[in-house]
Amino acid sequence: MDVKSKQNTILPIQKSDRIQFLDVLRGIAIFFIFSANIPVFSGFFFFPDEGRYPEALLFTDEILDFIMFTLVDGKFYSIFSLLFGIGCVIQFNNLKSNNKPFAPFFRRRMFWLLIIGLIHLCLFWLGDILTLYALLGFTLIYFIKLSDKKLLIVAAILILFPIINWIIVHSTGLNYHRFFFLTSSDYYQHFGFPTIERNGMQFADFQKFQANENILDYFKMNIGNTFIRTGAILREGRIFKVLGIFLIGIWAGRKVLNHDILNNTKFLKKIALFGILIGLPISILRTYIEFYGGQENYWELFEIISYALGTVPLAMGIAALLALLYFKKPSAFAVFAPVGKLALSNYIFQTFISVTIFYGIGLGFTGKFGFTVIMGIAICIFLFQVLMSKLWLKYFRFGPFEWIWRQLTYGKYLKIRKQNND
């Protein structure tokens with residue numbers, strides 16, 4: 001290959017350029033995102049205790065549920081969103097160092113992530129985050145060159161904006177997200193799928209959906225669930241939250257790459273201390289509201305306020321604390337790195353494994369287990385992914401879905417098998 005053609009080729013970031021801690025943090029985030037998702041996969045939210053195996057109901061269920069909701073719900077997808085922003089900066093710097101334009105490359109990258117996400121969302125899992133990440137990822141092209149100060153100001157406004165969104169919706173009666181819930185109900189009724197009445201409206205019957213044993217109906221019903229997911233994202237203002245955290249990730253990525261912030265122990269201690277001191281009490285309050293609050297509108301407003309003020313600080317505090325612990329003893333966290341390197345594949349395989357175990361088209365254990373047992377299952381699945389990820393990386397350079405995504409993005413064939421000298 002001549003020098004000119006070599007200069008015109010954009011190559012993936014090499015192993016030597018990866019920051020090990022980011023892989024570790026990504027692996028930890030993948031586990032806790034799964035621990036937040038598996039209660040939905042398992043039917044825990046949709047089936048009454050009367051239908052569960054009696055031996056699966058333990059006295060620890062409510063306590064563990066409370067703790068997990070406080071420390072995990074929203075925090076680790078926030079950390080994952082932070083890492084997404086950091087990854088954007090890494091790609092930007094890689095292209096800039098090769099004198100290549102960022103926008104065309106990143107649009108291709110987000111386009112193919114969007115395709116993967118839509119397949120995952122529409123056919124397999126209504127809780128998919130890849131589609132939202134890809135759609136918001138397109139906007140990062142316009143933020144990547146913003147100054148640090150402007151990034152943080154815009155991020156703060158976006159993270160707090162769900163509060164304004166709620167006030168506008170409830171003061172004007174413009175419940176725009178309701179359109180998507182109604183569309184889902186219409187879709188279910190059109191195809192004769194089971195619905196359930198709640199507050200005078202028809203909704204998809206998730207008990208019947210998860211217990212369904214017909215694989216074709218599973219795919220068709222899940223397309224209808226896509227409208228529910230869209231409505232839920234709009235109702236809670238997640239678009240604003242995620243984009244705001246992306247921008248913090250861009251800021252953090254610059255600090256990691258250009259200012260060696262991961263070696264600034266004093267700064268990390270401040271982030272950990274203030275993030276936890278501010279975020280933890282507010283997150284406990286949010287959990288109390290979620291578990292014991294009423295149905296009145298003001299409870300919903302309090303929940304949104306506590307989410308906006310508590311979730312991101314606690315997520316940042318946890319990430320900083322993990323950084324401090326990691327650099328004190330990296331070997332203790334090495335087990336998470338292979339999972340983090342195959343984050344996309346592991347995230348999608350978690351869906352396939354969970355559907356196989358819990359849904360009617362699989363083994364049919366939906367709604368059978370209490371919260372403690374479900375968390376035990378999540379740990380077992382993740383340990384299996386740890387072993388498989390380590391074994392996979394022994395022979396292959398990328399995860400299967402990472403490989404597909406990279407080839408589509410770079411528009412060229414990439415060898416997936418490792419050579420003897422790799």
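The model is predicted, and Lys255 belongs to helix α11, where it pairs with Asp148 of helix α7. The points below describe that helix, the salt bridges and the surface.

**Helix α11**
- Helix α11 covers residues 238–258, and its 21 residues reach 30 Å from the first C-alpha to the last, close to the expected 30 Å.
- Because 17 of its 21 residues are buried, α11 is largely enclosed by the rest of the structure.

**Salt bridges**
- The structure has a count of 9 salt bridges.
- One of them joins the side chains of Lys255 and Asp148, at 3.4 Å from N to O.
- Asp148 is partly exposed, at 24% relative accessibility.
- Glu236 forms a salt bridge with Arg238 at 2.8 Å and another with Lys241 at 3.4 Å.
- Glu236 is partly exposed at 25%, whereas Arg238 is buried at 13% and Lys241 is buried at 8%.
- A network of salt bridges links Asp73, Arg286 and Glu303.

**Surface and cysteines**
- Phe59, Ile63, Ile67 and Leu71 make a nonpolar surface patch of about 430 Å².
- Phe59 lies in the loop between α2 and α3 and is exposed, at 72% relative accessibility.
- The count of disulfides is 0.
- Cys88 is buried at 1% relative accessible area, while Cys122 is partly exposed at 23%.

Key. Residues numbered from 1 in each chain as written. Predicted model: local features only at pLDDT ≥ 70, side-chain atom pairs only at ≥ 80, totals over all residues. Heavy atoms only, no water. Helix = DSSP H or I, 4+ residues; strand = E, 2+ residues; numbered from the N terminus. Expected span 1.5 Å × (residues − 1). Buried < 20%, exposed > 50% of the residue type's maximum accessible area, 1.4 Å probe, protein only. Disulfide = S-S within 2.5 Å. Patch = residues over 30% accessible without salt bridge, like charges linked within 9 Å, V, L, I, M, F, W, Y side chains within 5 Å. Areas by Shrake-Rupley, 256 points an atom, 1.4 Å probe, with all protein chains shown as cover. Salt bridge = Lys/Arg side-chain N within 4 Å of Asp/Glu carboxyl O.
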